[in-house]
Amino acid sequence: MDNMRERFIAVTSRVLDEDPRLALVLAEISMDGFRPALERHPDRVINVGIREQLLVGVGGGLALTGLRPVMHTFASFLVERPFEQLKLDFGHQGTGGVLVSAAASYDWPAGGFTHMSPGDVALMDTLDGWTVHVPGHPDEAEALLRHAYAAGDDKVYVRLSLQSNTAPRPVDGLHMQTVREGGAGVVVAVGPLLDEVLAATEGLDVTVLYAATVRPFDEAALRAAVGRATADVVLVEPYLAGTSSTAAAQALVDVPHRVLGLGVGRAELRRYGTIEQHTAAHGLDARSLRERITAFLR
């Protein structure tokens, strides 16, 4: 099976052939995969080199001309480094575009903290009007990318990862899905952590919701789930712990409730290790999740 980044290259290359409005801006990352697309569309595939602020600035400029820009690099270089450009060149100017990241929170441990971005979604939360997709499988990535490319002039962030669930879920870019029903609490699993959550909650009397789109937050789905269970909510996110706690609290503002936010911790893990070791160290593996979820619901 291909991974999400490989699927992004394949899908985007096809859409560049199909849609003359789509433009792609790169900063070296994934350039090799897009060389055939560059040869076919030299006017709409642009590599700015390792200049991430320029990457976003060029995307904003293309949006002003009426094109639908897609900007791509590692998450730490796409959201954190050029954050001012995102705030001004898209938010302030009222333009739209699609950010597509790679490397997620710790997909390349050997790259060190410079190539990790557990805080990207929390940072995007400080900006108005961005849709945020966090697919959990390459098939979901394809569906959500196509959804983003066709989304008029909306501002969309698609967060890709090497982590993946074993099977895709049908995603529509809007709603959470009920994967399992129970009465003792609600667990929201985001993107590639669904498999770990399902293993962690096996045999527990809980509702499991799956979210591949986290912004806008599907308040109606959470309220409906809480209406069928207790108002104890656990959020399991593959980025900074507690990122969606405020959104969940807002959804339940008139309902007495408790929220536990699980995700990547703030402490920097300075040993490279593997993706699996980082997942366990942050308490996001199935065994750790089960312990933390059952302790909270107890």
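Hi everyone. Let me start with a convention: a crossing of two helices is left-handed if the near helix is turned anticlockwise from the far one by less than a right angle, and right-handed if clockwise. Helices (H or I, at least four residues) and strands (E, at least two) are DSSP runs, numbered from the N terminus.

Before we go on, a word on the source. This is a predicted model, where local features need pLDDT of at least 70, side-chain atom pairs count only at pLDDT 80 or more, and totals for chains, interfaces and linings use all residues. Residues are numbered from 1 along each chain as its sequence is written, and side-chain values use heavy atoms, with hydrogens and water left out.

Now for the helix pair. Helix 1 (residues 4-18) and helix 7 (residues 138-149) have axes that come within 9 Å and cross at roughly 35°. Axes here are lines fitted to C-alpha atoms, for helices over the stretch in contact, and angles run from 0 to 180 degrees between N-to-C directions. By the convention I opened with, the crossing of helix 1 and helix 7 is right-handed.

Seven strands form an open sheet with mixed pairing, in the order 2-1-3-4-6-5-10. Two strands pair if DSSP finds at least two bridges between them. Strand 2 (45-47) and strand 10 (213-215) each have a single partner strand, so one side of each is left without a neighbour in the sheet. On average, neighbouring strands of this sheet are turned by 20° against each other, direction ignored. Strand 4 (residues 97-102) and strand 6 (residues 155-159) run parallel and are joined by five bridges, with Val158 in strand 6 as the bridge partner of Val100.

What lies across this sheet? Helix 1 lies across strand 1 (22-26), strand 2, strand 3 (68-74) and strand 4, at about 140° to strand 1. Helix 3 (residues 52-64) lies across strand 1, strand 2 and strand 3, at about 170° to strand 3.

There is also an open sheet of five strands, again mixed, in the order 7-9-8-11-12. Its edges are strand 7 (177-180) and strand 12 (258-264), each with a single partner strand, so one side of each has no neighbour in the sheet. Strand 11 (residues 232-240) runs parallel to strand 12, with six bridges joining them; Asp232 has Arg258 as its bridge partner in strand 12.

On a 1 Å grid over the protein atoms alone, a cavity is a set of points where a 1.4 Å probe fits but cannot get out, and a pocket is an open set with protein on both sides within 12 Å along at least five of seven lines; lining residues have an atom within 4 Å of a point. Grid points are joined across faces, edges and corners, and a volume is the space filled by probe spheres set on the points.

The largest pocket holds about 210 Å³. Which helix gives the most to its lining? Helix 11 (275-281) does, with three residues. The lining divides into four nonpolar, four polar and four charged residues.

How many cavities of 30 Å³ or more does a search of the whole structure find? One. The residues that line the largest cavity include Met176, Phe217, Leu235 and Glu237, and the classes are seven nonpolar, one polar and one charged. Strand 8 (186-190) and strand 11 each supply at least two of the lining residues.

Two backbone details to finish. The peptide bond from Arg215 to Pro216 is cis, with omega near 0°, and Pro216 is in the loop between strand 10 and helix 9 (219-228). Glu28 has a positive phi of about 75° although it is not a glycine; Glu28 is placed in the loop between strand 1 and helix 2 (35-40).

Methods
Nonpolar A, V, L, I, M, F, W, Y, C, P; charged D, E, K, R; others polar. Contact = heavy atoms within 4.5 Å.
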